[in-house]
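Morning, everyone. Please put the structure up on the screen, and we will walk through it together.

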Amino acid sequence: MRQSQLFYKTLKRAPKDEESINSQLLIRAGFIYKEMAGVWSFLPLGLRVLRKIEKIIREEMEKIGAQEILMSVLQPRFLWEETGRWSKEIGKVMYKTQEGKKETGLGPTHEEMITDIVRKSIKSWQDLPLYLYQIQNKFRKEPRAKSGLLRCREFGMKDLYSFHSSEEDFRKYYDTVKKAYFRIFKRCGLDSILTEASGAGFTKEITHEFQVLADGGEDRIIYCPKHHFSQNKEIAKLKTGDKCPICQGVLKEEKSIEAGNIFPLETKFSKQMSAFFTDRDGKKKLIVMGCYGLGVSRIIGVIVEVHHDQFGIIWPKEVAPFQIHLIPIELSSPRVGKDSEKLYRDLQKENLEILYDDRKNVFPGEKLVEADLIGLPIRIVISERTLKRDCVEVKERKKKEVKLVKRGHLLQFLKSNIKLNYV
RNA sequence: CGGGGUGUCGUAUAACGGUAGUAUGUAUGCUUUGGGAGCAUGCGGCCUGGGUUCAACUCCCAGCACCCCGACCA
């Protein structure tokens with residue numbers, strides 16, 4: 001992508017009302033645009049990140065046998081009356097609308113809808129297990145939207161629902177999803193801590209949250225530094241200084257952000273909504289369910305909260321909008337212009353994603369400062385100075401040192417030293 | 001939803017009961033190319049409504065918006 005064509009605009013200063021790190025940097029770097037409190041539009045750079053995260057999620061969902069569907073955002077009141085949630089619990093935060101006598105709401109979650117779909121097609125134990133997920137914007141009337149992408153009224157979510165013929169089968173899959181979630185967060189550059197939390201109206205048992213340590217977070221967890229143990233402070237019986245029940249390590253309390261959560265729904269919804277199957281013993285039984293949420297747009301905010309410095313964002317390579325920022329300096333020099341164009345084409349042939357700062361009449365300082373703000377993993381500078389030595393300069397955003405690399409060795413260098421993901 | 005705060009060019013800010021200034025941005029020209037470059041000229045603004053007043057961007061009231069704290073958060 002030629003930067004001269006990219007729709008983006010950086011700001012030297014963040015709007016004064018933005019206090020969270022993620023919103024400040026994402027706005028300043030031109031990734032997102034604020035429509036209103038808790039509602040954001042994604043600009044080209046931001047959307048690329050969103051799509052990268054969705055891609056990771058789809059790959060990991062596929063690995064655990066989940067099939068993608070897309071349910072409607074508009075949901076009818078009568079389904080929500082079956083569970084009594086139309087005006088209780090999460091129904092309270094639903095955006096509702098009315099046409100004549102017909103009432104509908106924008107989906108804040110989809111347990112009712114998925115259970116309705118599944119109960120009509122699942123008849124036999126042979127139809128189970130079944131794993132369905134979707135990636136979709138959810139709507140919730142948050143009493144207090146805040147912290148950039150961390151708490152929104154409209155936000156991207158991946159919600160997975162699993163259906164089983166037995167508790168054991170469900171538990172097995174619950175663990176499978178846990179592992180998949182760890183992989184997803186890791187690929188997003190996040191170290192997540194499996195944390196016990198309250199049943200939140202779904203179950204009397206504990207549920208599990210995937211918490212990421214961050215000062216900008218609104219949750220607090222009591223956790224073992226080796227991650228053997230972690231509890232949301234809401235339910236924690238242990239406290240800072242106590243010993244980890246597993247490894248005896250000293251527990252700590254820290255702020256964190258909930259990036260995902262998984263719930264054993266058991267038969268709560270299948271009971272309320274009459275979702276049965278016929279088991280091999282010929283008896284009609286309730287379907288055992290689990291649901292598993294992941295805040296797709298929130299993850300972007302979390303990544304920025306965790307990966308940044310005073311100059312800007314530091315994208316983990318797998319979610320970066322582009323992998324390489326190619327920056328010619330002294331572009332008015334015919335030699336730099338010609339050689340950088342060629343390098344741009346050569347790198348593209350390698351299926352690398354390049355943001356090529358082909359802007360003329362832009363000073364080096366401005367290009368470099370913007371590059372740090374946008375935060376692509378690899379910066380390659382080509383200039384008269386480097387060309388004199390038949391080199392380009394390679395710098396990783398997360399590192400300080402700058403390496404001069406012979407042009408002929410560049411591809412090899414990128415492959416062996418940086419291990420870029422080819423697209 | 002309770003409490004607090006803030007609304008001035010796109011962004012960040014200043015001042016003032018009587019002509020609204022600066023920086024940045026942006027446009028044009030010249031000069032310039034390794035950490036948001038220089039000079040010149042131009043563009044661009046007082047959240048909305050009511051009240052007080054000869055006169056309101058300024059004071060008062062209401063509304064709206066945004067931010068912060070709390071409550072809430074499958």
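First, the ground rules. This is a predicted model, where local features need pLDDT of at least 70, side-chain atom pairs count only at pLDDT 80 or more, and totals for chains, interfaces and linings use all residues. Residues are numbered from 1 along each chain as its sequence is written, while chains are lettered from A and ligands numbered from 1 in the order in which they are written.

Start with the overall layout. Chain A is divided into domain 1, residues 21-309, and domain 2, residues 324-418. Those bounds come from an automatic or database domain assignment. The centres of domain 1 and domain 2, taken over C-alpha atoms, are 40 Å apart.

Now the RNA. How many residues surround RNA strand B? The count is 47, and the closest are Pro15, Asp17, Ala37, Pro364 and Gly365. Here "near" means that the C-beta atom of a residue, placed from the backbone, lies within 6 Å of the molecule or strand. Helix 9 gives the largest share, eight residues. By class, the surface near RNA strand B has 19 nonpolar, eleven polar and 17 charged residues. For those classes, Ala, Val, Leu, Ile, Met, Phe, Trp, Tyr, Cys and Pro count as nonpolar, Asp, Glu, Lys and Arg as charged, and the others, Gly among them, as polar.

One open sheet has five strands in the order 20-19-21-22-23, with mixed pairing. Two strands pair if DSSP finds at least two bridges between them. Arginine 379 stands opposite lysine 395 in strand 22. Helix 8 (334-349) packs on the sheet and touches strand 19 (324-328), strand 20 and strand 21. Its direction makes about 165° with that of strand 19. Such angles run from 0 to 180 degrees between N-to-C directions, and axes are lines fitted to C-alpha atoms, for helices over the stretch in contact. Contact between two residues means C-beta atoms, placed from the backbone, within 7 Å.

A second open sheet has three strands in the order 4-6-5, and its pairing is antiparallel. Its edge strands are strand 4 (74-76) and strand 5 (95-99), each pairing on one side only. Three bridges join strand 4 to strand 6 (102-106). Leucine 74 stands opposite leucine 106 in strand 6.

Next, helix 1. Is helix 1 (21-28) largely enclosed or largely open? Seven of its eight residues are buried, so helix 1 is largely enclosed by the rest of the structure. Buried means 20 or more other C-beta atoms within 10 Å of a residue's own, exposed means 12 or fewer, and partly exposed is in between, with C-beta atoms placed from the backbone. The buried residues of helix 1 pack against several elements, including strand 1 (32-36), helix 2 (44-63) and helix 9. Just after helix 1, glycine 30 takes a positive phi of about 80°.

Then comes a hairpin. Strand 1 and strand 2 form it, with two residues between them. Glycine 38 in the turn has a positive phi of about 80°. The two strands pair antiparallel over four bridges, and methionine 36 stands opposite valine 39 in strand 2.

Most residues other than glycine have a negative phi, and most peptide bonds are trans. Asparagine 351, in the loop between helix 8 and strand 20, has a positive phi near 65°. Asparagine 361, in the loop between strand 20 and helix 9, has a positive phi of about 60°. Asparagine 361 counts as exposed, with 6 C-beta neighbours inside 10 Å. Finally, leucine 128 and proline 129 are joined by a cis peptide bond, with omega about 0°.
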